[in-house]
Amino acid sequence: MNATAPLTADHPAIRDPDALYFLPLGGAGEIGMNLNLYGYRGQWLIIDCGVTFGDDAQPGVDVVIADPAFIVEHRDRLLGIVATHAHEDHIGAIPYLWPQLQCPVWATPFTASVLRAKLVEAGLAERVPITTVPMSGRFTIGPFDLELITLTHSIPEPNAVVIRTAAGTVLHTGDWKLDPEPLIGSPTDEARLREVGDEGVLAIVCDSTNALKPGSSGSEGDLRHSLTELIGRYDGRVAVGCFASNVARLATIAHAARAHDRDVALVGRSLWRIDKAARENGYLADVPRFLTEDEAGYIPRDKVVLICTGSQGEPRAALARIARDDHPNIALEEGDVAIFSSRIIPGNEKAIGRLQNALVRLGVEVVTEADHFVHVSGHPARDELTRMYQMIRPRIAIPVHGEARHLAAHAELARACQVHEALVIENGDMVRLDRDGAAIVDEVPVGRIAQDGKSLLPIGGTVLQQRRRLGSDGSVVATLVVDRRGWLAAPPQISLVGLAEPSAAPVTALRDALADAMEGLPAPLRHDDNALRDTARRVLRRGLSGRFGKRPLIDIQLVRL
Ligand SMILES: [Zn+2]
Ligand SMILES: [Zn+2]
């Protein structure tokens, strides 16, 4: 079988009645962009469909998603999407990919609320059928017998999915930690996990984010004490940056603020969206209504805590605008403090550094994880992973939701927990699972797609390659107007973009060199458009490299009269 073999009806994953297939198209070997497929008796189920974020290598691209080509090709065998929880890396791609997938979605109430709001924005609200499943719900989709188990994480309603088939049971954990005091929602349902373990679990597909971290991730309950003590030290404005989706953290901050007689305001649109979804589903019931940023402006400095978006240094979010002194309602100054109650997502170090420097320049004190206990992770550290293996006792472990080093460390830990087989896989590896074990039986094509303005573009495709080149080397457009016989009918026009200051007027020499080369061409070549273009390109390339030391994109416009 090769990498491009289509999944025809005689493919083992279709006709093999004795095995369950696992195939990640995204999220194995990376943290983000989760897209997991399970196949059984020729039917496929997607668990999670999320995004990851663009970086400096893709200028202009905010969001990147897994290429769903494999499952789009087999859409007639796709039963639907089950969402484990409402984080962007698990549901964020549904609005982008649904027009290609066109399948129903199953989610618990809070996740369904968040997803619905996204679908409204995408104009898909009326089209996507969403079935709301209660917490701990059991339901079937085609040949898959499914059960949700309540976990804890950094957003309400994180679920593991138990997938029961005659070929065996898989526990797909989604994102989780063990928090005895999560503050929002119930603690991890360890009793049910142990019962499922007793039933016998063939394989666990498990979160690897913190597989390199010793100990435990820590409890939201402990954080409440620490943040309460910290906020008590200040008598200026307190701004706290955190992920909008971390509803428990909003509650933690609200309680800490109340202990010091401060009101809490939300600053940033995504916080209000989450607040709405949370309250709609009965969360934050004991937290008073948050103030708007408008209202916050009228409150004495020592009577307010501002929860702000933008802890990752996003330039358009609240914290960055405040740091630039460019926020319509909120200003921070000497004597105020900004607490970063979140981790640094790898890749965001520079942006966060810029943000923190700007705040410090305003005279604002910056407090991070490095200074004080201000954050707990939502993912299991090594002690928690060990406990999960003790409860589930799977025969096979497949680490996902981690980079290569996290997956390797997780696999080693699983083996140390007496797991028979630990399989480190990559996106596109099709894993066959049956009672005898696990094997990679095929490799399907995978890729990444960028959401770029209103289009979806392949990463590595021409558009983004050109954009990178434009960003680093600029571009040149040369227009050649020639008569029927191929002689120049006017001097060549050359315009440079992103190469020289307008006042430098450096194109004369280039234009002369181009004209000389055109005039010097033998007659047969002058009739050949491609030869004219190639010659022009060659002359320009040489001239630009000599003059600027750059290799810009070159576009030749040829007009034949
Ligand atoms: Zn995740
Ligand atoms: Zn998550």
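1. A donor here is an N, O or S atom within 2.8 Å of the metal. On that basis, D175 coordinates both the zinc ion (ligand 2) and the zinc ion (ligand 1), which are 3.4 Å apart. Keep in mind that this is a predicted model.

2. Take the zinc ion (ligand 2). Its protein donors are H85 (NE2), H87 (ND1), H153 (NE2) and D175 (OD), at 2.1 to 2.3 Å. Along the chain they are spaced H-x1-H-x65-H-x21-D. H153 sits in the loop between β11 (144-150) and β12 (159-165), and D175 in the loop between β13 (168-172) and α6 (190-199), so this pair ties together parts 22 residues apart in sequence.

3. The geometry at ligand 2 is irregular because the 4 donor atoms subtend angles of 92 to 161°. A tetrahedral call would need all angles between 85 and 135 degrees.

4. Now the zinc ion (ligand 1). D89 (OD), H90 (NE2), D175 (OD) and H401 (NE2) coordinate this ion at 2.0 to 2.1 Å. The spacing reads D-H-x84-D-x225-H. Distant parts of the chain are linked here: D89 belongs to helix α3 (residues 88-91), while D175 is in the loop between β13 and α6, 86 residues away.

5. The site of ligand 1 is also irregular, with angles of 86 to 164° among its 4 donor atoms.

6. H153 is buried at 11%. D89 is buried at 15%. The cut-off for buried is under 20%.

Technical notes. Residues are numbered from 1 along each chain as its sequence is written. Chains are lettered from A and ligands numbered from 1 in the order in which they are written. This is a predicted model: local features need pLDDT of at least 70, side-chain atom pairs count only at pLDDT 80 or more; totals for chains, interfaces and linings use all residues. Side-chain values use heavy atoms; hydrogens and water are left out. Donors are N, O and S atoms within 2.8 Å of the metal (3.2 Å for Na, K and Ca); water is not among the atoms, so sites may look incomplete. Four donors count as tetrahedral if all angles lie between 85 and 135 degrees; four count as square planar and six as octahedral if opposite donors are over 155 degrees apart and all others between 65 and 115; anything else is irregular. Helices (H or I, at least four residues) and strands (E, at least two) are DSSP runs, numbered from the N terminus. Buried means under 20% relative accessible area, exposed over 50%, partly exposed in between (1.4 Å probe, protein chains only).
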